[in-house]
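Please keep the sequence and the coordinates at hand while reading.

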Amino acid sequence: STSHIVGTGSIDMRADANIKIGTETADSVKIGRVNTNAVKVSIRSGDDNSLVVSNSMVGIGTDSPDHTLSVAGDIDLSGGLSFDAGKRKSHQNLRR
């Protein structure tokens with residue numbers, strides 16, 4: 001069965017400790033809207049644009065992702081990076 005929380009304006013949830021969504025047996029948790037691509041889903045751990053999903057694109061450090069993955073800031077990579085041809089590049093072999 002499905003339960004709904006419905007509001008005509010904003011819904012503000014606050015807690016002094018944790019807010020948990022889902023359970024150990026939940027197979028998925030969905031946040032957002034299905035009827036528009038204009039909505040942004042933000043997950044914040046610090047500033048206003050920590051992680052944003054918009055128009056099926058992910059932004060880290062930016063609230064306006066313009067690629068499948070847009071990162072504003074440094075990336076700490078340990079391991080390899082695979083490209084379209086599946087060839088793995090180590091972080092030592094990447095050039096600017």
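Strands β3 and β4 run parallel to each other and are joined over 3 bridges, where strands are DSSP runs of E with at least two residues, numbered from the N terminus, and pairing requires that DSSP finds at least two bridges between the two strands. Within this pair, Val58 stands opposite Leu69 of β4. The model is predicted, so that local features need pLDDT of at least 70 and side-chain atom pairs count only at pLDDT 80 or more, whereas totals for chains, interfaces and linings use all residues. Residues are numbered from 1 along each chain as its sequence is written, and side-chain values use heavy atoms, with hydrogens and water left out.

Strand β3 (residues 57-60) also pairs with strand β2 (residues 51-54), here in the antiparallel sense and over 4 bridges. These two strands form a hairpin with 2 residues between them, and Asn55 in the turn has a positive phi of about 60 degrees. Ser54, which belongs to β2, has Met57 of β3 as its bridge partner. As a whole, the protein has 6 strands and 0 helices, a helix being a DSSP run of H or I with at least four residues.

| Residue | Relative accessible area | Class |
|---|---|---|
| Ser70 | 9% | buried |
| Ser54 | 11% | buried |
| Asp12 | 54% | exposed |
| Arg14 | 73% | exposed |

Ser70 lies in strand β4, and a polar atom of its side chain is 3.1 Å from the backbone nitrogen of Asp66; a polar contact is a pair of N or O atoms within 3.5 Å, of which, within protein, one must be able to donate a hydrogen and the other to accept it, while residues adjacent in sequence count only if both atoms are side-chain atoms. Apart from neighbours within four places in sequence, Ser70 is in contact (heavy atoms within 4.5 Å) with Val58, Gly59, Ile60, Thr62 and Pro65. With the same exclusion of neighbours, Ser54 touches Val39, Lys40 and Pro65. The C-alpha atoms of Ser54 and Ser64 are separated by 7.6 Å, although these residues are 10 apart along the chain.

A search of the whole structure returns 1 salt bridge, defined as a side-chain nitrogen of Lys or Arg within 4 Å of a carboxyl oxygen of Asp or Glu. The side chains of Asp12 and Arg14 form a salt bridge with an N to O distance of 2.9 Å.

Turning to totals, 9% of the 96 residues count as buried. The protein exposes about 9000 Å², of which carbon and sulfur atoms supply 46%, the areas coming from the Shrake-Rupley method with a 1.4 Å probe. Of the contacts between residues at least 6 apart in sequence, 1% join residues at least 24 apart.

The mean pLDDT, the predictor's confidence in each residue on a scale from 0 to 100, is 78, and 76% of the residues reach 70 or more. Confidence is highest in strand β4 (residues 69-71), at a mean of 91, and lowest in strand β6 (residues 88-90), at 63. Where pLDDT is low, the predicted coordinates should not be read in detail.

Conventions:
Buried means under 20% relative accessible area, exposed over 50%, partly exposed in between (1.4 Å probe, protein chains only).
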